[in-house]
Structure formats: C-alpha cells, structure tokens
Amino acid sequence: ASSLLRVDLLILSHLGRSEGGRETWCYTVLPRWLKRNPNIHLRLHMLASDGKDDSRPIIARAFAESSDRFELVRHVAGPTRRPLFYSMLPRVRALYARPDVKAPDVSIAMGVMEMLMPLAAPKLKNAPRIVWLRSIFWDEKSKKLPGFLHPPVRRFTARLLGGSDLLLANGDDIAEHYARYDLPVQVIKNGV
C-alpha cells in the first residue's frame with residue numbers, strides 16, 4: 001500500500017544468524033519493531049559474500065509475521081582484497097538508479113561506512129537519513145592508519161555524521177564521544 005512509510009536499512013553484513021551484535025539486533029529487534037508498526041514497509045539491504053551460506057531462509061523466517069511489509073535486498077560480492085564497502089556501494093547505487101525502484105521515505109545506515117551509501121545514490125540522498133552508531137567507529141579503525149592521520153580523519157568522520165538528520169547510539173559512551181564534535185546523539189540503550 002502506498003500509505004506505508006518506506007524505510008530502507010543498509011547493513012554491511014552477510015547477516016549470518018550468529019555473526020555479531022548488529023546481526024543479532026536485526027534478527028531480534030527488527031521483526032518485533034515491524035510487527036508493532038503496521039504502517040512501515042522495511043527494505044533491508046545486506047551484502048552476501050560468495051562462498052558463505054545463504055542466510056535468506058533464516059531471515060525470511062525471522063520476518064515471517066510481517067512478510068507483506070518486508071523486502072530483503074541481497075547484494076552479492078565476489079572475492080576481493082578491498083574492504084566490503086567497495087563491493088556494496090556500486091550495487092546500492094545501481095539499484096536506486098533503476099526507474100522501477102522507489103526512493104524510501106527514510107534511510108537508516110547501520111554504521112559509518114553504510115552512511116556513505118545514501119550519499120552515493122540520489123534517491124537515498126534526498127530522503128531523511130538516520131545513522132545507527134553501534135560503536136565508536138574510529139576506535140575500531142585507528143590501528144589501520146598512521147597516527148598523524150588520526151585527528152583529520154576523526155574530524156572528517158564527524159563532519160560526515162553531521163550531515164545526517166538523526167544520530168542514534170546504543171550506549172552513552174558513544175553519545176559522549178561524538179558530543180566532543182557537537183553532534184547530538186540520541187541513545188537507545190542496547191538498541192532495544
């Protein structure tokens with residue numbers, strides 16, 4: 001139905017049932033959220049890697065009660081030495097370039113790298129953007145760059161996050177970290 005609020009959620013994950021916290025959140029919280037909100041249609045974007053088990057049947061079972069308002073978009077990437085982000089971004093951009101794919105009313109990026117995808121797809125770029133911060137991005141990635149790059153990359157990340165319409169986090173520590181950059185972050189404890 002056209003009266004549904006269309007929400008697109010992007011997660012850079014294969015969505016294996018036991019791969020980690022974000023995946024557990026997708027399997028447990030999202031189906032309940034969708035069930036409680038009959039006015040929402042959720043399009044969940046994931047990145048599948050060649051050689052991994054197909055997680056679609058497990059995802060379909062998790063969302064069975066709301067299957068008429070749930071759509072899974074599985075972007076498939078072949079083997080690469082580059083970060084998985086580089087495999088998903090052009091696939092997301094190509095999908096939204098198609099005339100038959102409607103823009104969502106809201107997009108949710110499940111992290112900093114996912115946040116870049118809506119910026120690359122005009123249909124997503126024009127919708128309100130939410131970024132879900134499940135960790136402090138820089139703390140995870142800082143070991144991969146030399147020390148002199150840390151301050152400018154932190155400022156650049158904060159500037160990118162500042163372009164979002166809403167920042168959510170699952171802990172006060174994350175909100176406090178980004179508050180140093182004058183970024184208002186709303187906390188939902190443990191993402192529930």
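Visitor: Which residues is Asp 105 in contact with, leaving aside its neighbours within four places in sequence?
Guide: The model is a predicted one, and in it Asp 105 has its place in the loop between H3 and strand E4 (106-109). Asp 105 is partly exposed, with a relative accessible area of 36%. Once its neighbours within four places in sequence are left aside, the residues in contact with Asp 105 are Leu 4, Leu 5, Arg 6, Ala 127 and Pro 128.

Visitor: How many Å apart in space are Ser 13 and Ala 48, C-alpha to C-alpha?
Guide: Ser 13 belongs to the loop between strand E1 (5-10) and helix H1 (21-36), and, not counting residues up to four places away in sequence, it touches Glu 19, Arg 22, Glu 23, Met 46 and Leu 47. Asp 105 and Ala 48 are 57 residues apart in sequence and 25 Å apart in space, C-alpha to C-alpha. For Ser 13 and Ala 48, which are 35 residues apart in sequence, the C-alpha to C-alpha value is 7.1 Å.

Visitor: Is Glu 114 buried or exposed?
Guide: Glu 114 is found in helix H4, and, leaving aside its neighbours within four places in sequence, it is in contact with Leu 10, Ile 11, Leu 12, Arg 22 and Ala 109. Its relative accessible area is 3%, and a residue counts as buried under 20%. Glu 114 is therefore buried.

Visitor: How are H3 and H4 oriented to each other, roughly parallel or oblique?
Guide: The axes of helix H3 (residues 85-97) and helix H4 (residues 112-120) come within 9 Å and cross at roughly 30°. The residues that meet are Phe 85, Met 88, Leu 89, Val 92 and Arg 93 in H3, and Met 113, Leu 116, Met 117 and Ala 120 in H4; by class, this contact has eight nonpolar, no polar and one charged residues. Since angles under 35 degrees count as roughly parallel, H3 and H4 are therefore roughly parallel.

Visitor: What is the handedness of the crossing in which H4 passes H7, left-handed or right-handed?
Guide: The axes of H4 and helix H7 (residues 150-162) come within 11 Å and cross at roughly 55°, and the two helices are therefore oblique to each other. In their contact, Val 112, Met 115, Leu 116 and Leu 119 in H4 meet Thr 157, Leu 160 and Leu 161 in H7, which by class gives six nonpolar, one polar and no charged residues. Whereas H3 passes H4 in a right-handed crossing, the crossing in which H4 passes H7 is left-handed.

Visitor: Why do the buried residues of H8 line one face of the helix, and within what arc do they fall?
Guide: In helix H8 (residues 172-179), the buried residues are Ile 174, Ala 175, His 177 and Tyr 178. They line one face because, seen down the axis of H8, they fall within a limited arc. On the other side of H8, Asp 173 and Glu 176 are exposed. The arc that holds the buried residues is 160°.

Visitor: What is the phi of Asp 182, which is not a glycine?
Guide: Asp 182 lies in the loop between H8 and strand E7 (186-187), where it is exposed, with a relative accessible area of 70%. Although Asp 182 is not a glycine, its phi is positive, at about 60°.

Note on methods. Residues numbered from 1 in each chain as written. Predicted model: local features only at pLDDT ≥ 70, side-chain atom pairs only at ≥ 80, totals over all residues. Heavy atoms only, no water. Buried < 20%, exposed > 50% of the residue type's maximum accessible area, 1.4 Å probe, protein only. Helix = DSSP H or I, 4+ residues; strand = E, 2+ residues; numbered from the N terminus. Arc of directions from axis to C-beta. Axes fitted to C-alpha atoms, helices over the stretch in contact; angles between N-to-C directions. Parallel < 35°, antiparallel > 145°, perpendicular 65-115°, else oblique. Left-handed = near helix turned anticlockwise from the far one by under 90°. Contact = heavy atoms within 4.5 Å. Nonpolar A, V, L, I, M, F, W, Y, C, P; charged D, E, K, R; others polar.
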